[in-house]
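User: I would like to learn how to read salt bridges and a ligand site. Can you walk me through an example?

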Amino acid sequence: MSLSEVPASSAAEDAALAEFLLKYPDYERTRRIDALRASDYSRLDALGQVYLDYTGGSLHGESQVRQHGDLLNQQVFSNPHSSNATSAATTDLVERARQYVLRYFNAPAGDYVAVFTVNATGALKHVGESYSFAEGGRYVLTVDNHNSVNGIREFAQARGARVDYAPLTVPDLRIDLPRLDALLDEADRSKPNLFAFPAQSNFSGVKHPLELIERAHAKGWDVLLDAAAFVPTNRLDLTAVHPEFVSISFYKMFGYPTGVGCLLIRSSALPRLVRPWFAGGTVDFATVGGRGHVLSPREAGFEDGTLNYLSIPAVEIGLRHLESIGIDTIQTRVGCLTGWLLEQLLALQLSNGHHMARIYGPVTTTMRGGTIALNLYDPGGHLLDYRRVEELASLQGISLRTGCFCNPGAGETAEGLTEEDMRAGLAAGADITLSRFREVMQHRSGKSAGAIRVSLGLMSNFADAYRFVAFVEGLRDQARLAIGDVTFDVDSCRVMREGS
Ligand SMILES: Cc1ncc(COP(=O)(O)O)c(C=O)c1O
């Protein structure tokens, strides 16, 4: 199916597509995705869905579910903790999937182990609760991080390690490298030091430099790379970079299965993970009378209880599915569409000639992925209520996300929210939520809290991007969607209070 045959495409859309193709000729090399979308993801267009929340979760192809169903229905699989034939068949499949994961990320043989978890958060929690944080040691993380990485600071602090955040630069929301270097230089090399950063921001789409891994190693740090938002559209090659820990959720890569993630651990870092407990499945030996246990080595020591053994084989199916499309093809397509979307959003003007959209983070495709965070304004400079925007988008079949995306640090930097602002939010009561905080900020400083996020991925096409821009154009000059009495000048990026 050619793009001009996408249902409901208009002459205006076709003209925009023709212009887009002239500007982004590489898109032509990704046409196989259109064919796959028509055959394996036909539900998207049949239901008129414009899916723009790939950073929330990717979408599965029908063939993945079919292959998985066939596999389950044609054999007998049972709990892998026995040694009978049905159990052994399960173990074979789980171990096959594990090897496939390691191969997919090009992990050199023996250099990494793959621990299956419930999601990226499960992987991050393993690091938090098992990393040997100690007094004199450090936990440094970037302000741009998912809450599941922020939360590790509680484990670090409880064990006496010092916690510091490496700030971001404004407005690009990239890591402030001199300040990060200064923090990394402070490490006492005789103590365990952990540095955590996301390979790609789930807020701004910024790709943080993977060279930081070796830079941190050279200064005496272990590195936790949160790759959850990066691997759906980028190749992670563990022969090129060697983080000690990598967190991943598979549904973010290929939609199905949910409930399975992975922690990749560099074998040389295993001794620095000390599990705080043991459970069924993690011990080679345990006694009640002797009050002792012997933890299983390598990945088995981390897989508590019974694995999600019927879903794990679908991980191999999903990885093969991604390989058959080609991660480079996906990256190229997402790059073209992101470039176009950024240009269109930046060009949107209100009736008074002011800009309508404020984009947080980089406005070109250099070192950024397909996640765009933005807010919209009316001609008076008032913020459009992003929750209403999400509701209106839903009415048009557009799935996007609003809020802070579990990444408060990037949002706080983007909005210029200070420590005092945040303390005022915390002081507003134990029942504080993002909505209430947004009200507190509107009255206190006129700053907004939260944003609209659109994210592209695996099955995105030009029609998705076009329809989102058309939707935003429909919100032009819609003062009735605005909130607060504080205005923002998108052109000069200045907050103003009405009447002042
Ligand atoms: C960068 C990043 N890290 C971690 C996570 C947590 O993933 P999960 O909710 O699957 O555990 C997310 C989820 O959005 C993410 O975007």
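User: Let's start with K23. Is K23 buried or exposed?

Analyst: K23 is exposed, at 51% relative accessible area. Buried means under 20% relative accessible area, exposed over 50%, and partly exposed in between, with a 1.4 Å probe and protein chains only. This is a predicted model: local features need pLDDT of at least 70, side-chain atom pairs count only at pLDDT 80 or more, and totals for chains, interfaces and linings use all residues. Residues are numbered from 1 along each chain as its sequence is written, and side-chain values use heavy atoms, with hydrogens and water left out.

User: Which side chain meets K23 in a salt bridge?

Analyst: A salt bridge is a side-chain nitrogen of Lys or Arg within 4 Å of a carboxyl oxygen of Asp or Glu. Here E343 pairs with K23, at 2.9 Å from N to O. The pair links distant parts of the chain: K23 is in helix α1 and E343 in helix α13 (residues 327–347), 320 residues apart. Helices are DSSP runs (H or I, at least four residues), numbered from the N terminus. E343 is partly exposed, at 29%.

User: How many salt bridges does the whole structure have?

Analyst: The search finds 32. One of them joins E13 to R467, with the closest N and O atoms 3.3 Å apart. E13 lies in helix α1 (residues 11–23) and R467 in helix α18 (residues 462–473), so this pair ties together parts 454 residues apart in sequence. E13 is buried at 4% relative accessibility. R467 is partly exposed at 23%.

User: What about R96 and E316?

Analyst: Their side chains form a salt bridge, 2.8 Å from N to O. R96 sits in helix α5 (residues 85–104) and E316 in helix α12 (residues 313–325), so the pair ties together parts 220 residues apart in sequence. R96 is partly exposed at 47%. E316 is buried at 6%.

User: Now the ligand. Which residues surround the ligand?

Analyst: A residue is near a molecule if one of its heavy atoms lies within 4 Å of it. Among those around the ligand are N119, T121, H146, D226, Y251 and K252. Helices α6 (120–130) and α11 (251–254) each supply at least two residues of the shell.
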